[in-house]
Amino acid sequence: MNSIEQKLFEKLTDLHKIPSGAINIRKNGEGIMRNTTKEIDIIPKTDKSGIDIIIKPNVIDKSVHIPVIITVGGLSDLVYNDFYIGENSNVVIVAGCGIHNATCKTSMHNGIHSFHLEKNSKVKYIERHIGEGEGSGGKILNPVTNVELKEGSQMIMETTQLGGVTSTIRKTKAKILDKAKLTIQENILTTDDQTAKTEFTVSLVGKNSGVEVVSHSVARDNSIQEFKSNIIGKNECFGHVECDGILLDNARIISIPKIDAVNKDASLVHEAAIGKIAGDELIKLMTLGLNQKEAEEIIIEGFLLGDTNSH
C-alpha cells in the first residue's frame with residue numbers, strides 16, 4: 001500500500017500495521033490480501049463478489065479485519081459479505097470503507113453484510129466510513145446490514161461516518177429471537193451539500209428479545225440527514241430508539257419514528273431531539289479562551305463520541 005492507502009487503512013482499523021490474525025483487504029474492487037486462522041476462515045464467493053467469514057464455535061477474544069480502500073475515480077464496487085458466528089463465540093469484527101478521490105469522477109462502494117449469529121454467540125461489529133480527497137468527484141457509500149440473532153446471542157454495532165462522504169443510504173434490518181439483544185450506536189457528521197439517510201427495521205420475534213438504537217448526528221452547512229426507524233414487537237420484548245441531532249448553519253435533519261406493538265407485552269420507546277448547540281455551553285467554553293468555532297468543535301466532538309452530556 002502507498003502512503004494514502006496506508007493512512008486510510010489506519011483510520012479504518014486503528015492499526016498501524018497488518019495484524020497477524022484473520023484479515024481481508026479489498027482495494028479498488030479487488031482483493032489484495034487474505035489471511036485465515038484455524039478458528040476463522042475467509043472464503044471468496046464463487047457466484048458473486050464478496051466473501052464468507054466463518055467463525056467456529058467457542059472462539060473467544062479473536063478479531064477479524066475486512067477494510068475496503070478506494071483510491072481511484074469512476075469505480076462502482078459491490079460486495080456481498082456473509083458472517084457465520086458459531087455457538088458461544090465472542091469476537092470483534094472491524095469493517096468499513098475509505099474513499100480517497102482526487103478526480104472529477106464519482107466512486108461508489110455498496111457493501112451488503114449479512115450476520116448469522118448462532119446460540120449464545122457475541123459480536124462487536126465496528127464499521128467506519130471515510131471520504132476524502134480534493135477532487136470534485138463524488139464519494140458514495142451505501143452499506144446494507146442484515147442481522148439474524150438466535151437464542152441468547154448478542155450483537156453490538158458501532159457505525160461511524162464523520163464527514164467527507166458525498167451521499168449515503170444506510171439500511172439495517174434485523175430479526176431477533178428469544179433472549180437475544182441488538183445494540184446499535186450510530187454517529188454521523190455531514191457538511192457542505194452532503195446527504196445521509198439511515199433506515200432501521202427491527203423485528204423483535206423472540207420472547208425477552210431486545211434492541212437499543214442510539215443515533216447521534218450533526219448536520220452543518222447545507223447538508224441534509226434523514227433518520228427512519230421501524231421497531232416491531234411481536235413478543236414480550238423491549239425496544240428503545242434514541243435519535244439526537246445537532247443542527248448548524250442551513251442544514252436539515254428529519255426524524256421519522258415508527259413503533260409497532262403487535263404483542264400486548266411488547267414495550268417500545270422512541271425518543272428524538274434535534275436542536276442547535278446550547279448557548280450556555282458555548283459561553284462556558286469561550287470564557288476559557290476559545291473562540292466560537294473552537295468551542296463548537298469541542299462540543300460536536302464530544303457529542304459524536306457518545307458524550308451525551310455535551311448536548
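Good morning. I begin with a cysteine: the sulfur of C104 lies 19 Å from the closest cysteine sulfur, which belongs to C97, and that is too far for a bond. A disulfide here requires a pair of cysteine sulfur atoms within 2.5 Å. A search of the whole structure finds zero disulfides, and C97, too, is in none.

Before I continue, a word on the basis of these values. This is a predicted model, in which local features need pLDDT of at least 70 and side-chain atom pairs count only at pLDDT 80 or more, while totals for chains, interfaces and linings use all residues. Residues are numbered from 1 along each chain as its sequence is written, and side-chain values use heavy atoms, with hydrogens and water left out.

Are the two cysteines buried or exposed? C97 is buried, at a relative accessible area of 1%, whereas C104 is exposed, at 62%. Buried means under 20% relative accessible area, exposed over 50%, and partly exposed in between, with a 1.4 Å probe and protein chains only.

I turn now to the sheet. Strands are DSSP runs of E with at least two residues, helices are runs of H or I with at least four, and both are numbered from the N terminus. Two strands pair if DSSP finds at least two bridges between them. The open sheet has nine strands with mixed pairing, in the order β3-β4-β7-β9-β11-β13-β15-β17-β19. At its edges stand β3 (40-44) and β19 (252-261); each has a single partner strand, so one side of each is left without a neighbour in the sheet.

Consider β17, residues 224-233. It pairs with β19 in the parallel sense over 10 bridges, and β15 (residues 195-204) pairs with β17, also in the parallel sense, over 10 bridges. Towards β19, E226 stands opposite I254, and K228 has I256 as its bridge partner.

Finally, confidence. pLDDT is the predictor's confidence in each residue, from 0 to 100. The protein averages 93, and 98% of the residues score at least 70. Over residues 307-311 pLDDT stays under 50. Where pLDDT is low, the predicted coordinates should not be read in detail. Thank you.

Definitions and conventions
Contact means heavy atoms within 4.5 Å.
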